[in-house]
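Morning, everyone. Let me put the structure up, and then I'll walk you through a few parts of it.

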Amino acid sequence: MADNSNNPMDWLNGWNEIQRQAWNTWSTMAMKNMDGGQKTNPFTTPFSNPFANQMGMGSGMGSGMGGWTPPSWSSPDWRNGLDWWQRFLTSARSGSPEQTIFKEFAHWGTAYPEMAKQIFKTMQELQTGSEHQQAEWTETLRKNLEEAKQALAGHIEGLYAPWNSAFNDQATAVFTNFGQSSPWSGNQSQLGANMKRLLTIMAPDVLTKWQARMETGQRYTETYQKTLQNFLKVQVEESSLSLDILGKKLSAISKSGTPLKSLQEIFDLWVQCAEEAHAKISFEESYKTANAHLVNAMNQLRIHYATGLDEILVSLNLPNRGELDRNHESIQSLKRRMRAMEDDITSLKRLSTPKAEIESLRDELEKMGLPKIRKEIEDLNNRLTNLAEQKARENDLNTLQADIPSLRNELTELKRQIATMQEVQKRLDTLKEEITRLEIPALRQSVSTLAEKIQHPNPEVTVQIQALRQSVSTLTEKIQHPNPEVTVQIQALRKEIEEIKSNDAPESSETPGRLMDDPNALKKFRKPNQLRSNKA
Amino acid sequence: MMPFSITPEQAVREVIQFNEKLTAGLPVLGQMDNLTVGCSDREEIYREDKMVLYRFKPLVEQVHRVPILIVYALVNRPYMADLQEDRSLIRRLLEAGMDIYLIDWGYPDRADRYLTLDDYINGYVHRSVKEICQRHSLYRINVLGICQGGSFSLCYASMHPEWVRNLVLTVTPVDFQTPDNLLSSWAQQLDVDLMVDSMGNIPGDLLNLTFASMRSPLSTGQKYMGMVDIMSNAAQLANFLRMEKWVADSPDQAGEAFRQFIKDFYQKNGFVNGGIVIGDKKIDLKNITMPVLNVYATKDHLVPPASSLALKSLISSTDYSELAFNGGHIGLYVSGRAQKEIPPGIAEWIKARG
């Protein structure tokens, strides 16, 4: 391998060298693996060697190529290698999973070297350019990204091949049936012009219908082509946007000071940019419209030609799609009726015997959840009964509670009456006892005696009474007209009492009024200390 | 400063390493025949036309009393839920004690072009539910819908609520017109009548291509370039190829069912705006009163989370739960983390509801 590290300007040669090295290494390892695995040398297969032309050799290069190096390596490409492997696998195991997977891998694997090649080209330009150019690498990057955009526009059909081929396959089948070439192969404008010219030729009545149909078909074809172009245009916009994003991200990486250090990192960044662009574009109205219009136009074209084909088949007395569809629709309708009848029969069978009927009803009850509901109803009834009983008790209690005050009053009244009666009884008993104790006859005798004495008083007693009356009169006279000396004495005594009261208030609960009436008490006040000691 | 720092030697080394991996991996790739998918034992229970109802062999002695019927989408094949032993929603549910049934729609052909959503939902699904009920002496079972199968399950539960005990939905589109729904935005201008009338059944490859074109073509390339790194490891390569097989295994869509699905669900957004009629029954999600578990993926680019989460406000169920998975549409079934989060979550939720 050339020492490119010493010659950093030679990136393109480095690229070629890398691929040559890679192919050599791969082929050597493959030989070893296959020797120990399938015992088949991939380089001895009858398929043509992808590099045969480059090497000036024909197909079927023969065996014994260990460590093979292409004699001349003008412009090798990884894609060739991947294609070759794919064909090898196809020949080995047709329809096997590895073939399918490798087919996908080979398809997508081509994008990887394409990207690397573009990067190497950028490197080459940067490193062979002037110092100014190297400093202004962003301008070089921009230029190369623009070139990449152009390249993508040219290869966009390849990039989106799976999607586009799905439509092409559908539509091509129609055209093939009509013995025509695909409407998107060859010079479309020329095809359209020729068709239009053909259709302007006057046709007999019997052919007028077909002529109109072909005109419509031509119109649908043109619509389809237009929508396909619009869709591809949107796809190019998306790819272009992804490259813009890539440019921005590379600028950011450049400023961050942490450059990408492997092809894998660059590839991942590229995918990330494509994903961001797709996420944006695919939600835009232009993409949705282009996509829907393409699908609708393709279906319109298909249905147009399918209808025509159906008519041709009818004219040839052959079965066609319309007949099959109608039959399938009838069959489906009959199936539905059959299922409905089966369900009815199943229901009727269940009802054919009492036991079955009972089982059926039981099933229905089970489905309706009646046992559970019945249990719940029973529980509810029990609860309601309990509640009713509780309510009745509550009502009784309330009534009783309402009666309690009046009963209490009655009771109090009764108690009072009883007490009164008991008191009366007691008094009665006392009276009885008193009456019992009284000597009525003796009393009567006393009363009679007294009455006799009153009616017939003793003269001596009468004299005494008069004397007493005289004494009382005398005393009364004395009280009303007292002796002045006595009065003076009394006043002196009163004065003395007042003095005592003011000097030493009495500690006794006895009032001065009573003291006045009690001379002994007056003496007590004259000796208060003695009184206290007596009390203690 | 230059954005690249690569010498030719470095590039050569990288390319050689790439080729070494490729060369070492090719013999391993060559031995990858008889690639099996679907790891759990199952038996056929009921068959009608191309539809087959399977029951998976329980993995525990005491299985949960009420079985689960898995309703898969018409797109791709249901073995994605049982891809391989360590990546299987079904196996994890069986291990959790669930009794699992699965509807396999088969591969519709031109004779099935006139199958309608009524045939699928009121026909195949309803008869499968009846069959399971009869086998287990039950009057209702659990239903688990996957993606479009979830939308079918919603329709079924709306029309036959008395047959559904619990409803589990996984990555199920409900609001088909959320702003981040790329498929829906593409479908709005599509003349689906023209499409079905011209194609009859819709080719599975066309659908695959549509799904693939939701991402940049280069992403697909990156996937295959990345495959080289694992090619020499037979187990890893087998995992990769199983997923590839599933992705590529896309049955055609019965024309009439496809027509109604695109029109009523994508273009008219019928779950939200109303107007869906299946057979002679109007779909009203307010009829859904049973417990509902809504499982969605936060990074789902096919069914955006907002599309699934719209369900909550549209149903009458008072027992509504959500389970979020931090991953994508497919990762919810096959990723290692999903195995630990999703099946146990579903099983616990169902067990708690009898």
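First, the ground rules. This is a predicted model: local features need pLDDT of at least 70, side-chain atom pairs count only at pLDDT 80 or more, and totals for chains, interfaces and linings use all residues. Residues are numbered from 1 along each chain as its sequence is written, while chains are lettered from A and ligands numbered from 1 in the order in which they are written.

Start with the sheet in chain B. Helices (H or I, at least four residues) and strands (E, at least two) are DSSP runs, numbered from the N terminus. The sheet is open, with eight strands in the order β1-β2-β4-β3-β5-β6-β9-β10 and mixed pairing. Two strands pair if DSSP finds at least two bridges between them. At the edges sit β1 (42-48) and β10 (320-325) of chain B, each pairing on one side only. From one strand to the next, the twist averages 20°. Angles run from 0 to 180 degrees between N-to-C directions, and axes are lines fitted to C-alpha atoms, for helices over the stretch in contact.

Look at β9 (residues 292-297) of chain B. Strand β9(B) pairs with β10(B) in the parallel sense, over six bridges. Ala297(B) stands opposite Phe325(B) in β10(B).

Now a helix on that strand. Helix α14 (residues 336-351) of chain B lies across β5, β6 (164-170), β9 and β10 of chain B. Its direction runs at about 170° to β10(B).

Next, helix α4 (residues 148-159) of chain B. Is α4(B) enclosed or open? Twelve of its twelve residues are buried, so α4(B) is largely enclosed by the rest of the structure. Buried means 20 or more other C-beta atoms within 10 Å of a residue's own; exposed means 12 or fewer, partly exposed is in between, and C-beta atoms are placed from the backbone.

Take Tyr156(B), in α4 of chain B. Tyr156(B) counts as buried because it has 26 C-beta neighbours inside 10 Å. Leaving aside neighbours within four places in sequence, Tyr156(B) is in contact with Ile121(B), Val125(B) and Val143(B). Contact means C-beta atoms, placed from the backbone, within 7 Å.

Last, across the chains. The axes of α11 (residues 263-281) of chain A and α8 (residues 217-227) of chain B come within 8 Å and cross at roughly 145°. Trp270(A), Val271(A), Ala274(A) and Glu275(A) in α11(A) meet Leu218(B), Ser219(B) and Gln222(B) in α8(B).

Terms used:
Two residues are in contact if their C-beta atoms, placed from the backbone, lie within 7 Å.
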